[in-house]
Amino acid sequence: MPAAAPTPEIMAAFEGAKGFMPTHEGLALYAAAVEAGGLGLPLLEVGTYCGRSAVLLADAARRAGVTALTVDHHRGSEEQQPGWEYHDPETVDPELGVMDTLPTFRRTLNRAGLEEHVVALVGRSPQVASVWGSPLGLVFIDGGHTDEHAGADYEGWARHVADGGLLVIHDVFPDPADEFTGQAPYRVYLRALASGAFTEDSVTDSLRVLRRTGTGI
Ligand SMILES: C[S@@+](CC[C@H](N)C(=O)[O-])C[C@H]1O[C@@H](n2cnc3c(N)ncnc32)[C@H](O)[C@@H]1O
C-alpha cells in the first residue's frame with residue numbers, strides 16, 4: 001500500500017510555514033502519523049516552533065479522528081537565540097525582547113484550517129511530561145538538541161508510546177561531519193534501540209521512525 005500523503009493544500013501550508021522540516025522528511029513524518037493515528041490515540045510533538053511539522057501532525061490527526069498535541073515553551077532553542085546561526089529576528093517579541101514563536105504558530109494553524117485538531121501545550125517539555133499520564137499513538141521528538149534536553153524529552157515522553165505506537169526522532173546524524181546542532185538526537189536514537197523497547201521502522205535522512213515492540217524505555 002502506498003504511504004499516505006497530504007493533499008496539495010496541506011503541502012502548501014506546510015511548505016509555506018517557517019521551520020526546520022525538509023519536505024522529504026515531512027512526508028515520512030506524515031505517513032508515520034497517519035499510520036499511528038490508526039491506534040486511536042493522540043499524536044504528540046515536542047518542538048512546535050512556528051508549526052511547520054505541526055501542520056502535518058494536525059492533518060494526520062484530523063484524518064484519523066484523533067488529536068495532535070504539540071509542546072514548546074516558544075522561547076526558542078539555544079541555536080535559535082539572537083546571534084546564533086538559526087535565529088530569525090521576526091520571532092522576537094518586540095515588547096519583551098525575547099523569542100515568542102506562539103503567535104506565528106497560531107497563524108500557521110489558522111491559515112491551514114487545522115486549529116481544532118491541535119492542542120498546544122505551552123511550557124517546558126519535562127514539566128509538561130511530569131503531569132502527563134495517558135498513552136500516545138506517536139511521539140515526535142524535535143525539541144532542544146542538547147543532551148540534557150533531548151535526553152529529558154526521551155525520558156519524559158517515550159514511556160507514553162503505546163504498544164505498536166511510533167517514536168519518531170528528528171536530526172539523527174550518525175556522522176559528526178553531517179550534524180549541525182549536535183549529536184544528542186543520535187544518542188537518544190541509540191538509547192531507544194538499546195532499550196529493547198523500540199525497533200527501527202524507517203529511515204528518511206535524519207528522520208528515524210521506531211516502533212514500540214517491547215516494554216519500558
Ligand atoms: C528545531 S525547533 C522545532 C522545529 C519544528 N518541529 C519545525 O517543524 O519547524 C525546536 C523547538 O523546541 C523548543 N524547545 C527546546 N527545548 C525545549 C524544552 N525543554 N521544552 C519545550 N520546548 C523546547 C524550542 O523553543 C523550539 O521551538
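Trainee: Where is the place of His74?

Mentor: His74 sits in the loop between E2 and helix H4 (102-112). Helices (H or I, at least four residues) and strands (E, at least two) are DSSP runs, numbered from the N terminus. This is a predicted model, in which local features need pLDDT of at least 70 and side-chain atom pairs count only at pLDDT 80 or more, while totals for chains, interfaces and linings use all residues. Residues are numbered from 1 along each chain as its sequence is written.

Trainee: What is the phi of His74?

Mentor: Phi of His74 is near 65°, a positive value in a residue other than glycine. Asp171, in the loop between E5 and H7, has a positive phi near 65° and is not a glycine either. After H7 comes Gly196, where phi is positive and near 80°.

Trainee: Why does His74 count as buried?

Mentor: The test counts C-beta atoms, placed from the backbone: 20 or more others within 10 Å make a residue buried, 12 or fewer exposed, and anything in between partly exposed. His74 counts as buried because it has 20 C-beta neighbours inside 10 Å. Asp171 has 26 other C-beta atoms within 10 Å, so Asp171 is buried.

Trainee: Is Gly40 buried or exposed?

Mentor: Gly40 counts as exposed because it has 11 C-beta neighbours inside 10 Å. The residue lies in the loop between H2 and strand E1 (43-46). Between the C-alpha atoms of Gly40 and Ala61 there are 9.3 Å, although 21 residues separate the two along the chain.

Trainee: Which residues touch the most other members of the largest nonpolar core?

Mentor: Such a core is a set of buried Ala, Val, Leu, Ile, Met, Phe, Trp, Tyr and Cys residues joined through C-beta atoms within 7 Å. Here the largest nonpolar core has 64 residues, and Ala33, Leu43 and Leu138 touch the most other members. Helix H2 (residues 23-37) gives the most to this core, with nine residues. Not counting residues up to four places away in sequence, Ala33 touches Leu43, Leu56, Leu57, Ala60 and Leu138.

Trainee: Which residues in H7 are buried?

Mentor: The buried residues in H7 are Ala184, Pro185, Tyr186, Val188, Tyr189 and Ala192. From H6, Asp147, Ala150, Gly151 and Tyr154 meet Ala184, Pro185, Arg187, Val188, Arg191 and Ala192 of H7.

Trainee: How many residues surround the ligand?

Mentor: A residue is near a molecule if its C-beta atom, placed from the backbone, lies within 6 Å of it. Around the ligand there are 22 residues, and the closest are Gly19, Gly47, Ser53, Ser125 and Gly144. Helix H3 (52-64) and strand E2 (68-72) each supply at least two residues of this shell.

Terms used: Two residues are in contact if their C-beta atoms, placed from the backbone, lie within 7 Å.
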